[in-house]
Amino acid sequence: MSEHDEKRTLNNPKRRRFMQLSATAAAVGAALGTGLTSPSAFASGKLGYPEKEQLTFGFIKLTDMAPLAIAYEKGFFEDEGLYVSLQAQANWKVLLDGVVSGSLDGAHMLAGQPLAATIGYGTKAHIVTPYSMDLNGNGITMSNSVWAQMKELVPHNNGKPVHPIGADSLAPVVEQYKKAGKPFNMGMVFPVSTHNYYLRYWLAAGGLKPGYYNSLKGDTSGQLGADVLLSVTPPPQMPATLEAGTIEGYCVGEPWNEQAIVKGIGVPVITDYEIWKNNPEKVFGLTSEFVSKYPNTAVRVVKALIRAGHWLDENNNANRLEAVKLLSKPQYVGADAAVIAKSMTGTFEYEKGDVRKVPDFNVFFRHDATYPFYSDAVWFLTQMRRWGQIPTQQPDSWYFDVAKKVYRPDIYRRAAEALVADGKFKPSQFPDFATETGFKPATDDFIDGVTYDGRKPNEYLTQFDIGLKGKETV
């Protein structure tokens with residue numbers, strides 16, 4: 001805990017009041033010889049006190065860490081008796097290692113990280129998620145020189161490019177690089193990142209091969225048979241890496257696409273909302289051991305995060321400008337407020353001066369954004385299989401079992417019902433838990449029009465021309 005956090009915690013009247021209540025309850029519990037912790041905080045009944053109050057959560061400097069910053073700044077953690085320190089991490093690997101080792105109690109995570117860790121791809125650890133942090137929020141940016149070539153192939157209307165822009169307009173540029181014997185390099189943030197999968201999806205939908213992983217033979221490059229070579233670059237370093245000419249483009253969250261516009265070094269050509277409308281994005285991850293050992297704490301963390309997500313979206317995003325000011329602080333995203341505001345306030349600037357409305361660029365609560373749907377987990381697993389990170393065919397039941405092992409809607413439901421009992425939410429603001437299955441309806445809201453049904457992962461994969469399916473291996 002930093003000195004700032006410690007002073008803030010000890011001087012806070014909510015903290016003092018919660019400590020008094022906890023001390024009284026502890027005395028009663030000791031007198032009865034029963035303790036304070038219920039066997040399972042996820043069962044019905046009154047939610048108990050947090051078993052662990054002092055917590056440290058990690059995050060990466062991206063605008064979609066906003067629910068953590070808001071829960072902290074608005075006192076939502078403290079309302080639950082939680083005293084949280086937030087620590088920016090250098091990259092996604094360092095962040096994951098921190099959660100696994102226990103130096104971090106939880107973290108803002110890539111949705112693929114808990115799934116990959118649990119099945120043993122890369123780091124092996126049982127990580128769970130009871131809370132999805134947001135929908136959408138990413139973009140794909142190309143260098144000015146590549147965009148200039150693409151732009152000639154993109155249809156225009158009233159002098160402006162028609163969106164969404166497909167990777168088919170990039171294909172001739174990549175072909176020129178091949179003929180010149182030059183690699184075409186692009187950046188993404190981590191091998192199991194949403195950015196890797198959405199960038200691959202966009203490229204393949206345009207007829208470009210983004211390359212395979214062959215974990216059976218120890219290959220983790222993801223570049224086997226690739227037209228476009230993808231490699232890892234930490235999010236805040238994307239603009240500088242593009243400017244240095246190491247990569248020709250990248251897929252990343254905000255504000256690092258809009259930063260390219262401000263610096264005059266690149267053009268965001270498409271948002272991930274245009275690749276898959278209201279796609280799942282980051283999650284909040286904890287170890288399975290943590291939620292077993294501290295069940296009340298886990299539920300209370302989710303309560304605070306749900307309130308933060310709701311605050312970010314309520315009254316038609318009325319609080320977003322305040323959120324922008326908070327996120328611009330150096331301890332959070334640390335970018336200019338004007339840059340963060342470009343995407344956080346319902347607009348997105350593509351080419352310089354081409355500002356368009358994208359009201360759902362960042363979604364933190366509406367559309368059931370925070371509920372951990374099993375079908376979201378299954379989609380990420382299909383992409384791991386499509387590109388070889390899952391090297392062999394798995395039955396549909398395997399996808400469902402992994403999803404249910406990692407995604408924990410039971411914890412979310414407990415938190416939501418507690419918020420309703422507290423009078424802070426109405427039941428209608430959450431999924432109907434009595435009938436909710438965890439699987440969203442089938443959708444074809446993808447740039448290529450392919451239909452995804454989370455109940456049929458193997459059938460889904462057969463629809464793609466590029467990518468592994470059935471019994472195929474690399």
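Strand S14, residues 266-271, supplies the largest share of the lining of the second largest cavity, namely three residues. The structure is a predicted model, and a search of the whole of it finds two cavities of 30 Å³ or more. The second largest cavity holds about 30 Å³ of space. Its lining includes Val-267, Pro-268 and Val-269, together with Trp-147, Pro-161, His-163 and Ile-165. Tyr-350, Glu-351 and Asp-354 also line this cavity. Sorted by class, the lining of the second largest cavity comprises seven nonpolar residues, one polar residue and two charged residues.

Pro-164 sits in the loop between strand S8 (160-161) and helix H8 (171-179). A cis peptide bond also runs from Glu-254 to Pro-255, where omega is near 15°. Pro-255 belongs to the loop that lies between strand S13 (249-253) and helix H11 (258-263).

The largest pocket has a volume of about 310 Å³. Sixteen residues form the lining of the largest pocket, and those nearest its centre are Lys-277, Asn-278, Lys-440, Pro-441 and Thr-443. By class, the lining of this pocket is made up of five nonpolar, five polar and six charged residues.

The packing of helices is considered next. Two packed helices are described by the angle between their axes and the distance between the axes. Helix H17 (residues 374-386) takes part in a crossing with helix H6 (residues 112-119), in which the axes come within 10 Å and cross at roughly 65°. The crossing of H6 and H17 is right-handed. On the H6 side the contact is made by Gly-112, Leu-115, Ala-116 and Ile-119, and on the H17 side by Ala-377, Phe-380, Leu-381 and Met-384. Seven of the residues in the contact of H6 with H17 are nonpolar and one is polar, while none is charged.

H17 also crosses helix H9 (residues 194-205), with axes that come within 11 Å and an angle of roughly 65°. The crossing of H9 and H17 is left-handed. From H9, the residues Thr-194, Tyr-197, Tyr-198, Tyr-201 and Ala-204 meet Trp-379, Phe-380, Gln-383, Met-384 and Arg-386 of H17. The contact of H9 with H17 contains seven nonpolar, two polar and one charged residue. Phe-380 and Met-384 of H17 are among the residues that contact H6, and they are also among those that meet H9.

Helix H14 (residues 295-317) packs with helix H19 (residues 409-421); their axes come within 8 Å and cross at roughly 65°. H14 passes H19 with a right-handed crossing. The residues of H14 in this contact are Ala-298, Val-299, Val-302, Lys-303, Ile-306 and Arg-307. Their partners in H19 are Ile-411, Tyr-412, Arg-414, Ala-415, Ala-416, Ala-418 and Leu-419. By class, the contact of H14 with H19 has 10 nonpolar residues, no polar residues and three charged residues. Helix H14 also contains Asn-315. The phi angle of Asn-315 is positive, at about 50°, although this residue is not a glycine.

The confidence of the prediction is reported last. The average pLDDT of the chain is 92, and 91% of the residues score at least 70. Over residues 20-39, however, pLDDT stays under 50. For residues 20-39 the model has 13 contacts beyond four places in sequence.

Technical notes:
Residues are numbered from 1 along each chain as its sequence is written. This is a predicted model: local features need pLDDT of at least 70, side-chain atom pairs count only at pLDDT 80 or more; totals for chains, interfaces and linings use all residues. Side-chain values use heavy atoms; hydrogens and water are left out. On a 1 Å grid over the protein atoms alone, a cavity is a set of points where a 1.4 Å probe fits but cannot get out, and a pocket is an open set with protein on both sides within 12 Å along at least five of seven lines; lining residues have an atom within 4 Å of a point. Grid points are joined across faces, edges and corners, and a volume is the space filled by probe spheres set on the points. Ala, Val, Leu, Ile, Met, Phe, Trp, Tyr, Cys and Pro count as nonpolar, Asp, Glu, Lys and Arg as charged, and the others, Gly among them, as polar. Axes are lines fitted to C-alpha atoms, for helices over the stretch in contact, and angles run from 0 to 180 degrees between N-to-C directions. Helices (H or I, at least four residues) and strands (E, at least two) are DSSP runs, numbered from the N terminus. A crossing is left-handed if the near helix is turned anticlockwise from the far one by less than a right angle, and right-handed if clockwise. Contact means heavy atoms within 4.5 Å. pLDDT is the predictor's confidence in each residue, from 0 to 100.
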